[in-house]
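Here is my notebook from a first look around this structure.

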Amino acid sequence: MRKQLVAGNWKMNGSRESVAALTEGLKSGAAELAGKVDVAVFPSSIFVQRVADTLSSGEIAWGVQNICTEEKGAFTGEISISMAKDFGCEMILVGHSERRSLYGETDAEVVTKVRHAGKAGLIPVLCVGETLEEREADKTMEVVARQVQVVLNEIQSEYLEKLVIAYEPVWAIGTGLTASPEQAQEVHAAIRQLLTEHDADMAARTRILYGGSVKGSNAAEIFTGADVDGGLVGGASLDVQDFLTICRAAS
Ligand code: PEP
């Protein structure tokens, strides 16, 4: 039985003041969720220490939104996997569609980052998903399968033990549009099938999250799919009450 996971991607939002309020609000609200659902947040890296100071007692995990493909050295502006680990990050977001589309992140770079996270014993949260054009051209599964398969092909199994996959249709991110529960389940089931063909045990344990305009008002419906193991939440994760409602819907 897979434990549901709800993770908040705070993107490039927040100030010292708002991050403190959000983190403290989540900490007080999360007590009722303990043991029922895993909860994580991905603040901007500059706020990781602030988040860690409040959340260090362990109910809510935290991570960074991206890491460098290189392990250390002269890479101005980058953050390494060992730095993330040093700051208590348990999860690393990899291949978010904004990284892929705005910063040209390639499948090869995504593979390297997932490998770094797995090798460090952290949880890579691999984001995959199709654009609207790809969906309309009936290419959803082709795109998603490519994005998942390259990771399965290139990374040895021991580094994929904790892998989490987030299916995020690009057309649903930050747009207010969501995949219907049926559309989400269809893609999640197809991803699970790909995992099964690779390794049945891994398929059974790997959590597949849905992301794309999840809110307190639609979470319960989206989470009904048998292969939907929680959510990756952007905008609504900046609102403590809405995020906690989503967490409750997954519990
Ligand atoms: C995201 O950025 O991963 C995301 C799902 O954003 P939103 O919930 O705002 O669509």
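This is a predicted model: local features need pLDDT of at least 70, side-chain atom pairs count only at pLDDT 80 or more; totals for chains, interfaces and linings use all residues.

**Starting at H96**

I began with H96, which counts as buried because it has 28 C-beta neighbours inside 10 Å. Residues are numbered from 1 along each chain as its sequence is written.

I looked up where H96 sits and found it in the loop between strand 4 (91–94) and helix 4 (97–102). Helices (H or I, at least four residues) and strands (E, at least two) are DSSP runs, numbered from the N terminus. Setting aside neighbours within four places in sequence, I see H96 in contact with Q65 and C127. Contact here means that the C-beta atoms of two residues, placed from the backbone, lie within 7 Å.

**The active site entry**

Which residues does UniProt list for "active site"? The unreviewed entry gives H96 and E168. They are spread over 73 residues of sequence, but they cluster in space, with a largest C-alpha distance of 8.5 Å. I keep in mind that UniProt positions are given in the numbering used here, that feature names are shortened, and that annotations may be inferred rather than shown by experiment.

E168 lies in the loop between strand 6 (164–167) and helix 8 (181–198). Is E168 buried or exposed? I found 27 C-beta neighbours inside 10 Å, so E168 counts as buried. Beyond its neighbours within four places in sequence, its contacts include C127, I173 and G211.

**The binding site entry**

For "binding site", the unreviewed UniProt entry lists N9, W10, K11, G174, S213, G234 and G235. These span 227 residues in sequence, yet no two of their C-alpha atoms are more than 13.9 Å apart, so they gather at one spot.

I checked two of the glycines. G174 is in the loop between strand 6 and helix 8, and G174 is partly exposed because 13 other C-beta atoms lie within 10 Å. G234 is in the loop between strand 8 (230–233) and helix 11 (240–250); with 21 other C-beta atoms within 10 Å, G234 is buried. Not counting residues up to four places away in sequence, G174 touches G234 and G235, while G234 is in contact with N9, K11, I173 and G174.

**Around the ligand**

I went to the ligand next. Of the 13 residues around it, I173, G174, G211, G234 and G235 come nearest; near means that a residue's C-beta atom, placed from the backbone, lies within 6 Å. By class, the shell has five nonpolar, seven polar and one charged residues.

**The barrel**

How are the strands arranged in the barrel? Eight of them close into it in the order 1-2-3-4-5-6-7-8, with parallel pairing. The twist averages 25° from one strand to the next.

I zoomed in on one pair: five bridges join strand 1 (residues 5–9) to strand 2 (residues 38–42). The bridge partner of L5 is D38, and that of A7 is A40. (Strands pair if DSSP finds at least two bridges between them.) Both faces of strand 2 are covered, with D38, A40 and F42 buried on one side and V39 and V41 on the other.

Definitions and conventions. Ala, Val, Leu, Ile, Met, Phe, Trp, Tyr, Cys and Pro count as nonpolar, Asp, Glu, Lys and Arg as charged, and the others, Gly among them, as polar. A residue is buried if 20 or more other C-beta atoms lie within 10 Å of its own, exposed if 12 or fewer, and partly exposed in between; C-beta atoms are placed from the backbone. Axes are lines fitted to C-alpha atoms, for helices over the stretch in contact, and angles run from 0 to 180 degrees between N-to-C directions.
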